[in-house]
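This report describes one chain for a reader who has not seen it before. Please look at the sequence and the structure below before reading on.

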Amino acid sequence: MAVMKFSVLVLMVLPVSLTAQGAEVLQEHEHGTGILKVTVSGPEFTLSLAAPGVDIVGFEGPAATDDDRSLVAGAISDLSRPLELFLVPENGGCHTVSANVALVDGAPEQGGEASDDGSDGAASHTEFQAEYLIHCQDIQAVDEVQFAYFDRFPNARTLRVHIQSSGAENLFDVVRETPMANLAGML
Ligand SMILES: [Zn+2]
């Protein structure tokens with residue numbers, strides 16, 4: 001029993017350091033478009049999601065009101081359950097081993113770079129970043145994904161998916177209008 005408690009403690013401590021490192025860098029992002037990287041390793045895969053704040057909660061920058069803060073809290077809570085956002089076939093027997101979600105602030109842009117969404121160029125962007133580890137009993141059964149993500153986050157329009165598996169790479173976009181992907185042969 002003591003051993004189990006210890007391993008739970010490790011899982012809960014680890015995300016803090018990952019979050020702190022991730023917060024150092026915020027890449028440019030395109031509102032409406034998130035990035036989902038999938039790396040397959042044997043019976044497990046990692047999911048790495050980066051999504052603009054506007055996609056997830058409808059705004060970027062600091063949460064200014066209680067409503068904003070509750071939107072962020074609700075989003076982080078839902079983002080911490082990846083298999084409810086990215087639905088895989090049940091016979092894959094997949095479960096979430098770990099889920100780390102962070103809201104990352106971007107530094108204010110220097111030099112007033114033109115913004116394509118009409119917002120103040122000096123305003124900081126924010127991004128939700130999440131890292132997941134998923135373990136499956138039969139990963140070969142994971143031949144498709146339904147992106148409930150788009151139902152949960154109505155401002156999200158596209159996910160740019162990058163799958164890496166035993167040397168092979170697959171890149172494709174999943175869009176709100178067709179929220180599914182056929183993974184046959186990719187994992
Ligand atoms: Zn932004």
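Which residue of S9 does Gln-146 stand opposite? Gln-146 stands opposite Met-180 in S9.

The model is a predicted one, in which local features need pLDDT of at least 70 and side-chain atom pairs count only at pLDDT 80 or more, while totals for chains, interfaces and linings use all residues. Residues are numbered from 1 along each chain as its sequence is written.

**The chain**

The chain holds five helices and nine strands. Helices (H or I, at least four residues) and strands (E, at least two) are DSSP runs, numbered from the N terminus. Starting at the N terminus, the order of elements is α-β-β-α-α-α-β-β-β-β-α-β-β-β. Of the 187 residues in the chain, 27% are buried. A residue is called buried if 20 or more other C-beta atoms lie within 10 Å of its own, exposed if 12 or fewer, and partly exposed in between, with C-beta atoms placed from the backbone. Two residues are in contact if their C-beta atoms, placed from the backbone, lie within 7 Å. Among contacts in the chain with a separation of 6 or more, 66% are between residues 24 or more positions apart.

**A sheet of three strands**

Strands S3, S6 and S9 form an open sheet in the order S3-S6-S9, with antiparallel pairing. S3 and S9 are the edge strands, since each pairs on one side only. Two strands pair if DSSP finds at least two bridges between them. Strand S3 covers residues 86–87 and is joined to S6 by two bridges. Strand S9 covers residues 180–182, and three bridges join S6 to S9.

Some facing residues are listed here.

| Residue | Residue across from it |
|---|---|
| Phe-86 in S3 | Phe-147 in S6 |
| Leu-87 in S3 | Gln-146 in S6 |
| Gln-146 in S6 | Met-180 in S9 |

In a regular strand the side chains alternate between the two faces of the sheet. Strand S6 (residues 144–147) has Val-145 and Phe-147 on its covered face, and Glu-144 and Gln-146 on its uncovered face.

**Ser-98**

Ser-98 lies in strand S4, which spans residues 94–105. Is Ser-98 buried or partly exposed? Ser-98 is partly exposed, because 17 other C-beta atoms lie within 10 Å. Ser-98 and Glu-131 are 33 residues apart in sequence, and their C-alpha atoms are 7.9 Å apart in space.
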